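Please read the following report alongside the sequence and the coordinates of the model. It is arranged by topic, from the contact between chains to the surroundings of a single residue.

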2 protein chains.
Amino acid sequence: MSPSSRPRRSLWIFGFESEEPTYEQRVERAASVSQRLGVTLTAPRIPTADDLELRAPRIKPPDSLAAFCFQDNWERAYHSYGADRSSHAIYGEYPNPPDIVAHPRDEAELEAILSWCSDNSYCAIPYGGGSTVVEGVTPPGDRGPIVTIDMDRFDRVLEIDPISRAARIQAGIYGPDLEDQLRPHGFTLRHFPQSFAHSTLGGWIATRSGGHYATNQTHIDDFVESTRMLTPRGWWESRRLPGSGAGPSPDRMVIGSEGILGIITEAWMRIQARPTFRATAGVSFPSWEAGYEATRRIAQAKLWPANLRLLDPQLAAGSAGMDGTRALLIIAFESAEMSQRWAIGQAVELARAAGGLIADDEIVVDDGTGAPTGRAGAVGAWRDAFIPRGGGIAAGLGMVGGTFETSITWDRWPAFDAYVREQTMKALNEIFGGGTLNCRFTHVYTDGPAPYYTYSGAYRAGDWREQDRQLKKAASDAIMKMGGTITHHHAVGRQHRPWYDQQRPDLFAEALRAAKRTLDPASILNPGVLIDP
Amino acid sequence: MSPSSRPRRSLWIFGFESEEPTYEQRVERAASVSQRLGVTLTAPRIPTADDLELRAPRIKPPDSLAAFCFQDNWERAYHSYGADRSSHAIYGEYPNPPDIVAHPRDEAELEAILSWCSDNSYCAIPYGGGSTVVEGVTPPGDRGPIVTIDMDRFDRVLEIDPISRAARIQAGIYGPDLEDQLRPHGFTLRHFPQSFAHSTLGGWIATRSGGHYATNQTHIDDFVESTRMLTPRGWWESRRLPGSGAGPSPDRMVIGSEGILGIITEAWMRIQARPTFRATAGVSFPSWEAGYEATRRIAQAKLWPANLRLLDPQLAAGSAGMDGTRALLIIAFESAEMSQRWAIGQAVELARAAGGLIADDEIVVDDGTGAPTGRAGAVGAWRDAFIPRGGGIAAGLGMVGGTFETSITWDRWPAFDAYVREQTMKALNEIFGGGTLNCRFTHVYTDGPAPYYTYSGAYRAGDWREQDRQLKKAASDAIMKMGGTITHHHAVGRQHRPWYDQQRPDLFAEALRAAKRTLDPASILNPGVLIDP
């Protein structure tokens, strides 16, 4: 029994069931990969929900909650993981599924299920889009019965204030639905994390998601006008205010709280008129170093481009068709009000002064005439590579693929990058016998970049999960040692805890723990995420 | 015995002793005001520190702390108040002075004095520049011995990172000293609250000060890269990070904490190259309504002007020489890198489209040639009126002058403004038998303005403090009722508590209280500010 009539997401790809590759397609891919690597790989048969023998639920919902609580295999298997579901699904590994998956349809139902959890000390896990890559929604193994609360029925834009350009939006709405509901009014939130199609507003707020804008308004934080959150102790709601200096910001305690303090139900968000003026340029540089120097100068000139994404030579070659020696800087401006010709011109001038190459006719300015911008050439190739597709065709063939991301001040960046690459490559060699590593800047600040590293390789025989852990540890240790943050926008979850614990002030953790004890006295909300009880 | 060889600040004007008007000047002013109002006013003689008979100190510092602890009349009287000192000083009212004023010279001395307070449960009040207008540093009357900790010896820029454009700066440094120490390196913090000359970096951070920029980077919050704070439980220090998504921001719990969680000792701050390109325009509008509609459109176009300050017709008449019917919008852009001709042109175009008037030759663009910008005409007149002078010449003559400020979303703004004016004028009439009221926008957001109201009048016979309280209550009640914040950048202190308590989520206050109990178990730090223990 499905709780929703909408297309169902896949148990094993980052996408919908309808996008899953067929078994035949996967067999074909296994053959071609086998040929390329000179080994014999077999595409595993992936169990369906019906095939699974899950641990019997340890609790049953009372009749009063039964209408929105589910215990079928699909619901429990799906909610066992976040975006790492594939690696578990192909082996049918669901050792610790939630006992109940609730889909409350309104605040009264949410209050009822959370009270029930609170009264019985059942662990409650708030679930948005399940796009976490850091085990942010994985049930802990040692906490007894688990109730996962999926917010997907909170899926509406409730109110639009066109004068202030703000909207009251329910937290469980997925990215595309949110934009669909704003579009008829001429507005957009314009927050496009890579997970956009499969993540929700509440998830973005709870995890400090990084969005569309590469400069100035980088995190969802900047678009939050006020929040409404249910805690085990009751409701927490802030005033709609454009700005305030009244004490530490209540919203900033909600933003990034990763479900440990409460469940966000709605927020007033700053929205925008849909941009019609655009300007784009892809500027190449003779080296990675020349590229990031130029990027720094443009960021510090405070032109605030919407896009300022730098690709290292490896990535520029792989995803934007460049020659492997040159870095690519993608600069874009956008506006609902005015031509961006001047701004792109200034940015290109700074880029050229720092050694960048671009022909005048490659600077594309669209003054609302609908001329294609950024969809051709190197910029377009990159755009296509950036948008995640369903994937999964190589599932179970032993391909390693992962990412890690951080931020660091400019003064430390060159040594940071060198050390992180050295340590990560060393780990790739030791653990996988080799691999590839590349880097891009997803966001850029006046005082430093947010670099995003992508690696690949092939698992060796043995415990693949241990191999993943070792690689992740090597990269994370390097980031910590060199002064970065364990995450710029992937959140902490359970996976990043050891490094987060080194990074945050100890007394801040104590203060947060005290705050949690106040709001969640039974410590039922997402235990193990961010802090220990 | 003065703890410092620097010029001493005045006990009764907002400035230095050297700027105090003489008794003769004040007598002259009393005569001219008397003549104007048809009454007989006398300039009171203002007691000097030596004249005061303060309560004997209830405690003595131990020998180990004596070198930086002071108990003389001047120190104790001066640290009895913030920027409201004048109204008390003219009557020699110091019923509850601190018992000790400490000026620790380094972190070891700060640790020592805070430990001593902690061990003995003495109330400890962190003191920056003492520019608070909300009783943020006033000793509470019911807490026994008081130690005020003045951070003025923490007065250096410790380190400059020119690559990342950031600097490590001690918290007790005053605005002018901070800029003096950055200037030789070509940098500026460019945070200029109206209190700039008499406030400190630590005070700005603790109170979420509002600075130079009218849009985009409005509060000090945006310039904080990391913070270092001493709590009774020990040190709290965050990493230098351009951006992070790792849990709720630790810095955002420090920013706005108003001395109740710890004493900020230093911060890494984002600094900037000194601007050399400027552009300014003063655009007049046929009405207040036309002015704020234009301001909204410019803010929402995201040009991010450095200045976007709107003066209502009353204020434009009084301080910018206009005719009393037209509003004045001051727009300014600045940059260290490039001409701002295009930007000011776009802003003026939007302003004109919304009914604004400005001649082409009144748009002043300075492309680094040093041509005067914004120092002539209506804009220059406003600039001169904005910068606070020593004042005090009319002290004790019964003149009422005060301000209150807030922020509100655009959709509610017209009704908000009407109601706040109505209620405030009603109170001015009832309490003072009349008065004046005007408004300007100090900061502007895409979703709403930060209006700043200034009122004046004349005290009636009787308790002038009660008259102040009644006026403030009427204005604050109106702000609360209509959905604003009790403060956009003046902080909460002790004075704004009743309205702050209505505004913040109750559960946030509980969480903050729990955090404070963890960091300050004996509840010695600035009790009564923000929350009750």
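## Basis of the description

The model is predicted, and local features need pLDDT of at least 70, side-chain atom pairs count only at pLDDT 80 or more, while totals for chains, interfaces and linings use all residues. Residues are numbered from 1 along each chain as its sequence is written, and chains are lettered from A and ligands numbered from 1 in the order in which they are written.

## The interface between the chains

Contact between the chains involves 77 residues of chain B and 77 residues of chain A, two residues being in contact if their C-beta atoms, placed from the backbone, lie within 7 Å. Among the elements that give two or more residues to the side of chain B that touches chain A are strand E8 (224–231), strand E9 (234–237), helix H10 (341–353), strand E17 (436–445), strand E18 (448–458) and helix H15 (506–519) of chain B; helices (H or I, at least four residues) and strands (E, at least two) are DSSP runs, numbered from the N terminus. H15(B) gives the most to this side, with 10 residues.

By class, the side of chain B that touches chain A has 30 nonpolar, 30 polar and 17 charged residues. Here Ala, Val, Leu, Ile, Met, Phe, Trp, Tyr, Cys and Pro count as nonpolar, Asp, Glu, Lys and Arg as charged, and the others, Gly among them, as polar.

## Domains of chain A

Chain A is divided into domain 1 (17–150), domain 2 (157–273), domain 3 (277–367) and domain 4 (399–488), with bounds that come from an automatic or database domain assignment. Between the C-alpha centres of domain 1 and domain 4 of chain A there are 28 Å.

## An open sheet in chain B

In chain B, five strands form an open, antiparallel sheet in the order E5-E6-E10-E8-E9, where two strands pair if DSSP finds at least two bridges between them. Strand E5 (157–161) and E9 of chain B are the edge strands, each pairing on one side only.

Within the sheet, E8(B) is joined by six bridges to strand E10 (residues 263–270) of chain B, and the two run antiparallel. Arg228(B) stands opposite Glu266(B) in E10(B). Helix H4 (residues 107–120) of chain B packs on the sheet, where it touches E8 and E10 of chain B, and its direction makes about 140° with that of E10(B); axes are lines fitted to C-alpha atoms, for helices over the stretch in contact, and angles run from 0 to 180 degrees between N-to-C directions.

## Helices H8 and H10

In chain B, helix H8 (residues 288–300) packs with H10(B) at an angle of about 145°, their axes lying 9 Å apart. Ala294(B), Arg297(B) and Ile298(B) in H8(B) meet Ala347(B), Leu350(B) and Ala351(B) in H10(B), a contact with five nonpolar residues, no polar residues and one charged residue.

In chain A, the axes of helix H8 (residues 288–300) and helix H10 (residues 341–353) come within 9 Å and cross at roughly 145°. Here Ala294(A), Arg297(A) and Ile298(A) in H8(A) meet Ala347(A), Leu350(A) and Ala351(A) in H10(A).

## The surroundings of Ala30(B)

Ala30(B) belongs to helix H1 (residues 23–37) of chain B. Ala30(B) counts as buried because it has 20 C-beta neighbours inside 10 Å, given that a residue is buried if 20 or more other C-beta atoms lie within 10 Å of its own, exposed if 12 or fewer, and partly exposed in between, with C-beta atoms placed from the backbone.

Leaving aside neighbours within four places in sequence, Ala30(B) is in contact with Leu41(B), Thr42(B), Ala43(B) and Leu397(B). The C-alpha atoms of Ala30(B) and Thr42(B) are separated by 5.9 Å, the two residues being 12 residues apart along the chain.
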